[in-house]
Amino acid sequence: MKTSLRVTAILELEHIPGDKFSKHRGASVCLDISKNLEQYTYFEKGGEPTAEGIKAASTVLVQGLLANLHYAHDSGLRDSAEHLRWIIAELERGFIEVGQTYVGERKSHCDV
């Protein structure tokens with residue numbers, strides 16, 4: 001049986017023309033799973049993720065990040081070690097500069 005899990009992550013920024021950088025205002029994450037998976041395992045009745053849903057979303061995000069890292073290396077766009085150090089630094093910075101976070105609205109199911 002083939003199943004799919006998708007996470008949509010949206011980064012909300014505020015940019016003032018002329019500034020070098022944009023201000024991080026918030027981020028949302030939305031898990032979407034195949035119709036052939038048991039919805040109640042991943043979502044509460046109101047649509048909020050369960051602990052298993054949070055674990056699944058984290059797994060998808062990590063695997064997506066790894067795929068991006070490998071693609072950048074294989075394409076010669078970025079050195080893997082340098083890229084990984086940058087990712088770790090961004091994760092550390094994210095714990096210091098916390099923007100607004102919330103669960104995104106589920107809109108559709110993944111294609112299977």
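**View 1. R93 is partly exposed, with a relative accessible area of 39%.** The model shown is predicted. R93 forms a salt bridge with E90. Their closest N and O atoms are 2.8 Å apart. E90 also counts as partly exposed, at 29% relative accessibility. Both residues belong to helix α3. They are three residues apart there, so about one helical turn separates them. An α-helix has 3.6 residues a turn, so residues three or four places apart point the same way.

**View 2. R78 and E82 form a salt bridge.** The closest N and O atoms of this pair lie 3.0 Å apart. R78 is partly exposed, with 27% relative accessibility. E82 is partly exposed too, at 32%. How many salt bridges does a search of the whole structure find? The search finds three. E90 with R93 is one of them, and R78 with E82 is another.

View 3. The closest N and O atoms of D32 and R6 are 2.8 Å apart. Is D32 buried or exposed? D32 is buried, with a relative accessible area of 6%. The cut-off for buried is under 20%. R6 is partly exposed, at 33%.

**View 4. Helix α2 runs from residue 51 to residue 74.** This helix has 24 residues. At 1.5 Å a residue, α2 should span 34 Å. The C-alpha atoms at its ends are 35 Å apart, which agrees. Five residues of α2 are buried: G53, A56, A57, L69 and A72. What do the buried residues of α2 pack against? They pack against strands β1 (5–14) and β2 (23–33), and against helices α1 (39–42) and α3 (80–96). After α2 comes G76, with a positive phi near 75°.

**View 5. The largest nonpolar core has eight residues.** Its members are V7, L31, I33, L37, Y42, F43, A56 and A57. β2 and α2 each supply at least two residues of this core. A56 and A57 are also among the buried residues of α2.

**View 6. The whole protein has three helices and three strands.** Along the sequence, the elements follow the pattern β-β-α-α-α-β. Of the 112 residues, 21% are buried. Take the contacts between residues at least 6 apart in sequence: 56% of these join residues at least 24 apart. The accessible surface comes to about 8,600 Å². Carbon and sulfur atoms account for 57% of that surface.

View 7. Over residues 108–112 the pLDDT is below 50. How many contacts does this stretch have in the model, beyond near neighbours in sequence? It has 19. The protein averages a pLDDT of 87. A score of at least 70 is reached by 86% of the residues.

Terms used:
Residues numbered from 1 in each chain as written. Predicted model: local features only at pLDDT ≥ 70, side-chain atom pairs only at ≥ 80, totals over all residues. Heavy atoms only, no water. Helix = DSSP H or I, 4+ residues; strand = E, 2+ residues; numbered from the N terminus. Expected span 1.5 Å × (residues − 1). Buried < 20%, exposed > 50% of the residue type's maximum accessible area, 1.4 Å probe, protein only. Contact = heavy atoms within 4.5 Å. Salt bridge = Lys/Arg side-chain N within 4 Å of Asp/Glu carboxyl O. Areas by Shrake-Rupley, 256 points an atom, 1.4 Å probe, with all protein chains shown as cover. Core = buried A, V, L, I, M, F, W, Y, C linked by side-chain atoms within 4.5 Å. pLDDT = per-residue confidence, 0-100.
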